[in-house]
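Hi there,

Please have a look at it first, and then read on.

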Amino acid sequence: MPLGLLKYGLSSKYPARRHFPPAKDLKRSYDVVIIGGGGHGLAAAYYLARDYGITNVAVLDKGYLAGGNTARNTAIIRSNYLTPEGVRFYEESMRLYRELSEEFSYNILYSVRGHFTLAHTDAAMRTSRWRAEVNKHLGVDSELIYPDDIRKLCPSMNLSDDVRYPILGALYHPPGAIARHDAVAWGYAAGAARRGVEIHQMTEVTGILTENGRVKGVETNRGTIHCNKVLQAVAGSSSLVGKMAGLRLPIRTIPLQACVSVPLKPFLDQIVVSGSLHVYVSQSSRGELVMGGSTDPYALYSTRSTLDFKESLLGHMLELFPFLGEVSVLRQWAGMTDMTPDFSPVMGLTPIENYYIDSGWGTWGFKATPICGRTMADTVATGVAPKLIEPFRLSRFDEFAQVGEKGAASVGH
Ligand SMILES: Cc1cc2nc3c(=O)[nH]c(=O)nc-3n(C[C@H](O)[C@H](O)[C@H](O)COP(=O)(O)OP(=O)(O)OC[C@H]3O[C@@H](n4cnc5c(N)ncnc54)[C@H](O)[C@@H]3O)c2cc1C
């Protein structure tokens, strides 16, 4: 348990703590400008300040703090990917996640649940076995299990043969977890702000200033800001902001929807994902079922919700948990996800000097927040991308060196 929390719990008074220092005026120049005040941008700011002493930094967000995909995701954290590049990267992120509550002295509600990726076909069983082997080889706890094992771990799941897609087995990843997404962003924001980083909400970047192939600053709705370095971390808007800098990114932006049920008594410990049924679900600490599925079938810049999505998702949910037939949906929402052709992110240097990118986070970037912050801070501070993110460089698309991450399909966040 974080020491700060323990002290707070045992104290006789509970004074309200101001979470962030009051906002400052926007200056005309900074050493570093970070575009995007989501988890990734804030984490990068935090590690820039903590590890490199770089604090003359402005994080600019066109909306409110972490109001983009950070506030909309379903908070699944896991590292049982398929490529060695992906597994190493997400495993390091999980290691950092486990330390975050302690590090922030602020509870991010990190909750280890165990993660099932259900297999309904022979092909899915083969892929699960393959993934389990890659995972184990890299030290990640992951194995293929069969219906009897699933029944013991998750007795409420319908394992009968009398359904459209009977369950043949599952890739089981015991460390799979969830956390409170807002708390992650607030923890990073507070830590960065306490070290001197400025966070400016309602500040939209409308242009990128370059000279002789080098970034010089940004245009915003509040005026021009000069700076030496820029990091773009704007999931869902990566192509739009990249275009301002003259970059053409291999990204399509597609809506991803999710919903929650009314709160129920706890019955589901695990996170359950089914690619064949296009559904995933976990139960939050409040008792709500947090549910989602595949991305919408078309590219679009919009965060509207649709009845189609809800109908098909809930039909599939009932195949797994038929007793939920009378349960109501409480809320539905959507985010915009930047999908890359190989389901891996795009991180690191760009052809523009001192302009760095953290993008292509599709449906899987929440779990990467701490490691993205660490590695992007390193890249911005040193001008060199660390080895861990080198495979995700933008230039891989010119070099035919894609990292085909089949462990990150649009359902398996
Ligand atoms: C429904 C849904 C479910 C998901 N579930 C999971 C999951 O279970 N697990 C997982 O790992 N990932 C999941 N994801 C993906 C995850 O949410 C994202 O990959 C991650 O949050 C990206 O974080 P970020 O900080 O890069 O982006 P964001 O939080 O979106 O932050 C980007 C910020 O940039 C700002 N911005 C954009 N344009 C500009 C501009 N021109 N000027 C200034 N600011 C700008 C936006 O306002 C926004 O606040 C899910 C996504 C969605 C939509």
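Below is what turned up in the sheets, the helices and the aromatic rings.

One thing to keep in mind from the start: this is a predicted model.

**The eight-stranded sheet**

An open sheet is built from eight strands, ordered β6-β7-β5-β14-β15-β16-β13-β17, and its pairing is mixed. At its edges are β6 and β17 (329–339), each of which pairs on one side only. From one strand to the next, the twist averages 20°.

Strand β5 (residues 115–119) runs antiparallel to β7 and is joined to it by five bridges, with His 115 standing opposite His 173. Strand β6 (residues 143–145) also pairs with β7 in the antiparallel sense, over three bridges; here Ile 145 has Ala 170 as its bridge partner.

Further along the sheet, β14 (residues 271–274) and β15 (residues 279–283) run antiparallel and are joined by three bridges. Ser 274 of this pair stands opposite Val 279 in β15. Helix α4 (residues 122–137) packs on the sheet, where it touches β5, β6 and β7, and its direction makes about 145° with that of β6. Helix α8 (residues 307–320) lies across β5, β13 (252–261), β14, β15, β16 (289–295) and β17, and runs at about 115° to β16.

**The three-stranded sheet**

There is also an open sheet of three strands in the order β3-β8-β4, paired antiparallel. Its edges are β3 (76–77) and β4 (111–112); each has a single partner strand, so one side of each is left without a neighbour in the sheet. Two bridges hold the antiparallel pairing of β4 with β8 (residues 177–178), and Val 112 has Ala 177 in β8 as its bridge partner.

**Helix α3 and its partners**

How do α3 and α9 pack? Helix α3 (residues 84–104) meets helix α9 (residues 369–382) at an angle of about 105°, with the axes 7 Å apart. That angle makes α3 roughly perpendicular to α9. On the α3 side the contact is made by Phe 89, Glu 92, Ser 93, Leu 96, Tyr 97 and Leu 100, and on the α9 side by Thr 369, Pro 370, Ile 371, Cys 372, Arg 374 and Thr 375. By type, the residues of this contact divide into seven nonpolar, three polar and two charged.

**Aromatic pairs**

The structure holds 16 aromatic pairs. In one of them, the rings of Tyr 97 and Phe 366 have their centres 5.7 Å apart and their planes at 55°, so the pair is tilted. Tyr 97 lies in helix α3 and Phe 366 in the loop between β19 (355–359) and α9, so the pair ties together parts that are 269 residues apart in sequence. Tyr 97 and Phe 366 are buried.

For Phe 104 and Tyr 188, the ring centres are 4.9 Å apart and the planes are at 80°, so this pair is edge-to-face. It links distant parts of the chain, 84 residues apart: Phe 104 is in helix α3 and Tyr 188 in helix α6 (residues 181–194). Both Phe 104 and Tyr 188 are buried. Finally, ring pairs link Tyr 81, Phe 89, Tyr 90, Trp 361 and Phe 392 into a cluster.

Best wishes

Technical notes: Residues numbered from 1 in each chain as written. Predicted model: local features only at pLDDT ≥ 70, side-chain atom pairs only at ≥ 80, totals over all residues. Heavy atoms only, no water. Axes fitted to C-alpha atoms, helices over the stretch in contact; angles between N-to-C directions. Helix = DSSP H or I, 4+ residues; strand = E, 2+ residues; numbered from the N terminus. Parallel < 35°, antiparallel > 145°, perpendicular 65-115°, else oblique. Contact = heavy atoms within 4.5 Å. Nonpolar A, V, L, I, M, F, W, Y, C, P; charged D, E, K, R; others polar. Pairing = 2+ DSSP bridges. Phe/Tyr/Trp six-rings, centres within 6.5 Å; stacked < 30°, edge-to-face > 60°. Buried < 20%, exposed > 50% of the residue type's maximum accessible area, 1.4 Å probe, protein only.
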